[in-house]
Amino acid sequence: MSVEVELVLGGPAHGGSCVGRWDGRAVFVRHGLPGERVRARITEDRGGRFCHADAVEILDPSPDRVPAVCPDAGPGGAGCCDLSHAALPAQRVLKATVVAEQLRRIAHVSPTVTVEPLAGSATGWRTRLRLAVDGAGRAGIRRYHSTTLATGLRCPQPVSGLLTDLSERRWQPHAELVVVRDGAGTRHLVELAPAPVSRTGRRSPGRRGATSRRAAAGAVRAERVLAGSGRVHEHVAGRSWEFAATGFWQAHQEAAQRYSDLIGEWADLGPGATAWDLYSGVGVFAARLAEQVGMSGTVVAVDSAESAVAAGAAALADLGQLRFVAGRADRRLAELPDPDVVVLDPPRSGAGADVVAAIAARRPARIVHVGCDPAAFARDVADYRSAGYELDLLRAYDAFPLTHHVEVIGRFRPVS
């Protein structure tokens, strides 16, 4: 029998929960808001100083509570829109609070954090999505911390038409679907064959698709193009790229342009300078850096996905000052020329102490670091500080409305 307790919720925690106290322990409660009195059902309790719960009844609602925008969110629902019940300004305040707390607690810095909106509303912003398929052939979004799926496909994040007809059709059991609306307005649908089953009975995700930075990890899986050409066309700052629909691109339709503009402003390179773009993907940031350094400068873009490197080199072939390198950043830095500026957009887990130390050892004048996880970003900030760099500028963007996710971009300079 499940345990239910009455709690008054405190501030937000990283991951989309609010913190309550029960019997001297912390309870991380999803689907609540700070200050609310709720009835919470314990969902995970392994003993120790904390446990996890869902708010199943709101006894005293917050003024920031609104009817849930996502019909598939809520206790027992999909894990897609975990802040769907909060007014949009309140969502951004919660995210800013989490970013500031992670920086204070982990990196021991206390900058002012404001989460800025990208153009558009809280709905209809996502241009690419990866869906799982259950054993009955139904496409859906995974429930929170579960292998089961919510198959209604009523999530309000995708752009108009992205999910059309997907819930009515039946697919190869245990396959995955990558569905993308590219910059040309074309809808692409690619089916990934079922992942291999490990000895433990779990399916390895293998090579991930449009919604993950782990595209180069795991085994290659067979793909079947079911709509569109499977080759997307994207545009940023007057330049165009063509690459596989399963390749990485920013999910929010405004994100790539906004980040490119900020990178260009903060890099502030002059003709003849040298720059690195690490974890470069197809080279959106590298293109902006190359325009700044001119033909007398040098830009090196490094990415572990050979397909991204090939697509970037093809799209930017006219930029003779730009060179793409395939390989892991931590293994290729030693061979690169000393940089004036380094730009990096690492995976959700962050760059890590070894990469940060290797960058800092080359003493660039500026480092621009893009992070999509506040805790990982804060750990990297702490590593930069240990290596003699200080956080100079900080911007945070609401690139994932209705969710707890937030994009943080920081600029670092050597400590004088």
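The structure is a predicted model, in which local features need pLDDT of at least 70 and side-chain atom pairs count only at pLDDT 80 or more, while totals for chains, interfaces and linings use all residues. Residues are numbered from 1 along each chain as its sequence is written, and side-chain values use heavy atoms, with hydrogens and water left out.

Along the principal axes, the C-alpha atoms of the protein chain fill a box of roughly 70 × 55 × 45 Å. The secondary structure comprises seven helices and 22 strands; these are DSSP runs numbered from the N terminus, helices being H or I with at least four residues and strands being E with at least two. Of the 416 residues, 51% count as buried, where buried means under 20% relative accessible area, exposed over 50%, and partly exposed in between (1.4 Å probe, protein chains only). The accessible surface comes to about 17800 Å², and 49% of this belongs to carbon and sulfur atoms; such areas come from the Shrake-Rupley method with a 1.4 Å probe, and for residues only the protein chains shown count as cover. Among contacts (heavy atoms within 4.5 Å) between residues at least 6 apart in sequence, 63% join residues at least 24 apart.

Two helix pairs can be looked at in turn. Two packed helices are described by the angle between their axes and the distance between the axes. Here, axes are lines fitted to C-alpha atoms, for helices over the stretch in contact, and angles run from 0 to 180 degrees between N-to-C directions. Helix H1 (residues 88-107) packs with helix H7 (residues 374-386) at an angle of about 40°, their axes lying 8 Å apart. The crossing of H1 and H7 is right-handed; a crossing has this hand if the near helix is turned clockwise from the far one by less than a right angle, and is left-handed if anticlockwise. From H1, the residues Val 98, Val 99, Gln 102, Leu 103, Ile 106 and Ala 107 meet Pro 374, Ala 375, Phe 377, Ala 378, Arg 379, Val 381, Ala 382 and Arg 385 of H7. By class, the contact of H1 with H7 has 11 nonpolar residues, one polar and two charged. In this scheme Ala, Val, Leu, Ile, Met, Phe, Trp, Tyr, Cys and Pro count as nonpolar, Asp, Glu, Lys and Arg as charged, and the others, Gly among them, as polar.

In the second pair, the axes of H2 and helix H3 (residues 284-293) come within 9 Å and cross at roughly 35°, and this crossing is right-handed. On the H2 side, Ala 256, Gln 257, Tyr 259, Ser 260, Asp 261, Ile 263, Gly 264 and Ala 267 meet Val 284, Phe 285, Arg 288, Leu 289 and Gln 292 in H3. The contact of H2 with H3 divides into seven nonpolar, four polar and two charged residues.

Backbone angles come next. Most residues other than glycine have a negative phi. His 31, although not a glycine, has a positive phi of about 75°. His 31 sits in the loop between strand S4 (25-30) and strand S5 (37-44) and counts as buried, because its relative accessibility is 9%. Leu 402 also has a positive phi of about 75° without being a glycine. The loop between strand S21 (389-398) and strand S22 (407-414) holds Leu 402, and this residue is buried, with a relative accessible area of 1%.

Leu 402 is one of the contacts of Pro 156, which, leaving aside neighbours within four places in sequence, also include Val 69, Cys 70, Cys 81, Thr 123 and Gly 124. Pro 156 lies in the loop between strand S10 (149-150) and strand S11 (176-181) and is buried at 16% relative accessibility. Its C-alpha atom is separated by 5.4 Å from that of Thr 123, 33 residues apart along the chain.

Gly 124 is touched by Gln 253 too, along with Trp 125, Thr 127 and Val 159, not counting residues up to four places away in sequence. Gln 253 is placed in the loop between strand S15 (239-244) and helix H2 (255-267), and counts as partly exposed at 44% relative accessibility.
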